[in-house]
Amino acid sequence: MRFSWDLIEPVMPVPYVPTLGPLRRDDPVRDLFEAVVETAGTDRFLPYDKDQRWFERKTERVMVDAIEHDRHLTLIPTLAERAGGVVKVHVYGSAPDSLSAGSDLARKLAAAHGAQKARLVWFLGPDQPEAYARGVGTRVQLKEFTGDPGDAPDVQVVEYEQLDEPERFGVFADLMAADGFAFLYEQMVDGAVGPVLLVLDEGAVAGAIGPMETMTDAAGRERLLPQYFGVLPQYRGVGYGRTLWRAAMRWGHEHGADYQLLQTEVGGASDRLCAAEGLTSLGFVNQAAA
């Protein structure tokens with residue numbers, strides 16, 4: 001499958017490649033579109049795919065035979081094995097019926113492949129009102145590591161390995177299971193991930209961010225990978241989230257990261273924090289049932 005880049009680029013308000021996720025504007029986006037198609041169905045990870053830190057093989061693939069690509073609209077469907085099968089159709093187009101065409105294709109493919117879920121993915125540029133993405137979207141945020149990383153946090157931040165009673169993090173992880181920390185804790189126990197930074201309150205784990213890891217991207221730059229990030233409800237509003245965030249960004253600076261890309265729930269606490277910390281919005285990635 002060869003894409004006509006002149007047709008996709010004008011209707012791609014966010015640099016986003018199916019199965020890889022968001023990118024920087026100056027990344028080789030065109031080449032990455034081709035790469036995910038070429039490796040579809042092989043179970044292989046591309047060298048710069050962040051998902052390889054969690055899984056032994058790639059479990060989401062582009063459905064190459066079902067791609068629709070013409071001068072009006074490009075629809076790129078993917079199939080993921082998780083949760084009984086998930087079909088996503090990524091919509092690159094500005095025609096009035098683009099989303100309905102994508103929904104129709106998602107439902108058709110889900111039925112044909114026995115997938116339990118059919119999803120639609122579409123994009124809005126950073127200049128669009130965020131109200132259009134509330135409830136369905138995440139904001140793509142860019143942090144670039146330049147200059148002085150700033151002062152160390154006022155509140156002490158420790159690494160998980162420094163806990164004298166590691167089970168204290170297990171308590172935190174259970175309480176924050178909905179935010180992914182139970183899964184992360186399993187990986188930590190197995191020694192499969194990088195450092196996790198913690199803030200303590202009278203000995204209890206109040207918040208955490210991690211794992212702290214970098215990966216070389218397709219352009220040869222070091223990317224700080226996204227982290228799980230959360231503070232227990234009873235400890236919110238006192239600055240622990242900002243403390244953890246700044247400690248993580250300092251870690252990235254000290255370990256040679258050039259940048260980080262994040263997706264934050266529009267209007268959520270992390271979204272507001274990133275805006276306050278001066279990150280650049282690259283636009284919105286929206287998802288809904290087809």
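Which side chain makes a polar contact with the side chain of Thr-74? In this predicted model, the partner is the side chain of His-69, at 2.6 Å.

Let's stay with Thr-74 for a moment. You'll find this residue in strand S5. Thr-74 counts as buried because its relative accessible area is 1%, and the cut-off for buried is under 20%. Setting aside residues up to four places away in sequence, Thr-74 touches Phe-3, Ile-8, Glu-68, His-69, His-90, Val-91 and Tyr-92.

Strand S5 (73-80) also turns up when we look at helix H2, as one of the elements that the buried residues of H2 pack against. The others are helix H1 (5-8) and strands S1 (16-17), S3 (60-62) and S6 (86-93). H2 itself runs over residues 29-38 and is mostly covered, with seven of its 10 residues buried. Those seven are Val-29, Leu-32, Phe-33, Glu-34, Ala-35, Val-36 and Val-37.

Now for the nonpolar cores. The largest one has 38 residues, and the members that touch the most other members are Phe-169, Phe-172, Phe-181, Val-196 and Leu-198.

| Element | Residues |
|---|---|
| Helix H4 | 167-175 |
| Helix H5 | 181-189 |
| Strand S10 | 197-201 |
| Strand S11 | 204-210 |
| Helix H6 | 240-254 |
| Helix H7 | 269-276 |

Which of these gives the largest share of the core? That's H6, with seven residues.

Leaving out its neighbours within four places in sequence, Val-196 is in contact with Val-158, Glu-159, Tyr-160, Phe-169, Leu-184, Met-188, Ala-208, Ile-209, Gly-210 and Pro-211. Phe-169, in that list, is also among the core members with the most contacts to other members.

There's a second, separate core too, made of 29 residues, including Val-11, Leu-20, Val-121 and Val-140.

The largest cavity holds about 150 Å³ of space. It is lined by 15 residues, and the closest to its centre are Leu-23, Tyr-48, Asp-217, Ala-218 and Arg-223. Sorted by class, the lining of the largest cavity has nine nonpolar residues, one polar residue and five charged ones.

Key:
Residues are numbered from 1 along each chain as its sequence is written. This is a predicted model: local features need pLDDT of at least 70, side-chain atom pairs count only at pLDDT 80 or more; totals for chains, interfaces and linings use all residues. Side-chain values use heavy atoms; hydrogens and water are left out. A nonpolar core is a set of buried Ala, Val, Leu, Ile, Met, Phe, Trp, Tyr and Cys residues joined through side-chain atoms within 4.5 Å. Buried means under 20% relative accessible area, exposed over 50%, partly exposed in between (1.4 Å probe, protein chains only). Helices (H or I, at least four residues) and strands (E, at least two) are DSSP runs, numbered from the N terminus. Contact means heavy atoms within 4.5 Å. On a 1 Å grid over the protein atoms alone, a cavity is a set of points where a 1.4 Å probe fits but cannot get out, and a pocket is an open set with protein on both sides within 12 Å along at least five of seven lines; lining residues have an atom within 4 Å of a point. Grid points are joined across faces, edges and corners, and a volume is the space filled by probe spheres set on the points. Ala, Val, Leu, Ile, Met, Phe, Trp, Tyr, Cys and Pro count as nonpolar, Asp, Glu, Lys and Arg as charged, and the others, Gly among them, as polar. A polar contact is a pair of N or O atoms within 3.5 Å; within protein, one must be able to donate a hydrogen and the other to accept it, and residues adjacent in sequence count only if both atoms are side-chain atoms.
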